[in-house]
Amino acid sequence: MSYVHHVEQFHGLPAFTFPQGADPTDLPDPGAVAWRLHCGLYTTDEDSDLYFRRFTESVDLGRVRALILGNPWYDSDGGTSIGEVTELSSRLTALEAVFLGDLEDEEAMISTICLEDLAEFLDACPGLKELAVRGGEGLEFPVTGHEGLRVLRVESGGLPRRAAAQIAAASLPSLERLDLWLGDEYYGGGTTVEDLAPLLAGVGKPALRHLGLQNSPIQDELAAALASAPIVRRLTSLSLSMGTFGDEGAEALLDGQSLAHLSELDLSHHFLSQDMMLRIWTELEPRGVRVNLTGRQEEDEGYSQAGIEPHRFVAVAE
């Protein structure tokens, strides 16, 4: 199963790729789609600067609600920039959502998609409600945060500890949904439970109702922390999917604070035993919690054969 693919919908809008040589009369209503800007590498031979200029001249920027940025911002140095959007912020008066780094594996492996400091961009877009980024290296998130952001999603094969800690500490009073793919230490990750302490304590995010701490090699440790974390009492859904979640983490969750107030618990891509899966279903499903236990994984037997402790793996790393 591939977790990294071009988005088909974003911010509740269908994705529409701005084409080469577009006739402005053939384009959809500016506010009815999420505009994907995608050219150059593996897609077209058109110069990205010309492509972007045609977009700004052909589309009424004042009515654009959502942007999906792909290949124009991925160059030979592995850089992804949102500087062009920041510069146009005074014209993008209706902009509510941005997806940065919409690249598939064939275009760039997620561990090679470089990001940057988002402080200037967030300051220039106070009306932004949803932000999704794919990548990790170089990501900086301002601790001062953002007043209007409601949805934040970071898809990474290795989210830097500094960035994870910044997001955990950021003041995001309107944030309702937060998903962090923490990733593998070998690919730039390494986030610890301590790095996420402000988030787990419920500081700075009073409106949060969905939390995803996903794709992590310390999924059991996170589960143990969440078993008593104040933030859990506010949530309606929780995701510990895509990582190395196993019986130890499940035991901690079930023996901790009640999860009966949750409408959904996503544990997909896990390493649970059949007995523990049955226990989770038995304890939570009758209480109204929809539990996702799809994608059961087996520990890598090759490690055991080599005399090494059996290995668990995250869903997305390289």
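This is a predicted model: local features need pLDDT of at least 70, side-chain atom pairs count only at pLDDT 80 or more; totals for chains, interfaces and linings use all residues.

Biologist: How many helices and strands are in the chain?

Modeller: Nine helices, plus 12 strands.

Biologist: And the overall dimensions? What box do the C-alpha atoms fill?

Modeller: Roughly 60 × 45 × 35 Å along the principal axes. The radius of gyration is 20 Å, which agrees with the value near 20 Å that a compact globule of 318 residues would have.

Biologist: What share of the residues is buried?

Modeller: 52% of the 318 residues. As for contacts with a separation of 6 or more, 72% of them join residues 24 or more positions apart.

Biologist: Switching to charge: how many positive and negative side chains does the chain have?

Modeller: There are 22 positive and 52 negative ones, and the centres of the two sets sit 9 Å apart.

Biologist: OK, let's look at H8. Which of its residues are buried?

Modeller: H8 covers residues 274-284, and its buried residues include Met276, Met277, Ile280 and Leu284. Looking down the helix axis, the buried residues fall within an arc of 105°, so they line one face of H8.

Biologist: What's on the face turned away from the buried side of H8?

Modeller: Exposed residues: Gln274, Asp275, Leu278 and Thr282.

Biologist: And what covers the buried residues of H8?

Modeller: The cover includes helix H7 (247-255), along with strands S11 (264-266) and S12 (290-292).

Biologist: Since you mention S12, where does Thr294 lie?

Modeller: In the loop that runs between S12 and helix H9 (301-305). Thr294 has a relative accessible area of 49%, so it counts as partly exposed; exposed would need over 50%.

Biologist: Which residues is Thr294 in contact with, leaving aside neighbours within four places in sequence?

Modeller: Ser268, His269 and His270. For a sense of scale, Thr294 and Arg36 are 258 residues apart in sequence, and their C-alpha atoms are 31 Å apart in space.

Biologist: What about another threonine, Thr56: buried or exposed?

Modeller: Buried. Its relative accessible area is 12%, and the cut-off for buried is under 20%. Thr56 belongs to helix H1, residues 48-58.

Biologist: What does Thr56 touch, not counting residues up to four places away in sequence?

Modeller: Leu61, Leu88 and Arg91. Of these, Leu88 is 32 residues from Thr56 in sequence, with 9.1 Å between the two C-alpha atoms.

Biologist: Where is His11 found?

Modeller: In the loop between strand S1 (9-10) and strand S2 (13-17).

Biologist: And where's the place of Asn215?

Modeller: That one is in the loop between strand S9 (210-214) and helix H6 (219-226).

Biologist: Is Asn215 buried or exposed?

Modeller: Buried, with a relative accessible area of 0%. So Asn215 pairs a positive phi with a buried position in its loop.

Note on methods: Residues are numbered from 1 along each chain as its sequence is written. Side-chain values use heavy atoms; hydrogens and water are left out. Helices (H or I, at least four residues) and strands (E, at least two) are DSSP runs, numbered from the N terminus. The radius of gyration is taken over C-alpha atoms; the globule rule is 2.2 Å times the number of residues to the power 0.38. Buried means under 20% relative accessible area, exposed over 50%, partly exposed in between (1.4 Å probe, protein chains only). Contact means heavy atoms within 4.5 Å. Lys and Arg count as positive and Asp and Glu as negative; His and the chain ends are not counted. The place of a charge is taken as NZ of Lys, CZ of Arg, CG of Asp or CD of Glu. The arc is that of the directions from the helix axis to the C-beta atoms.
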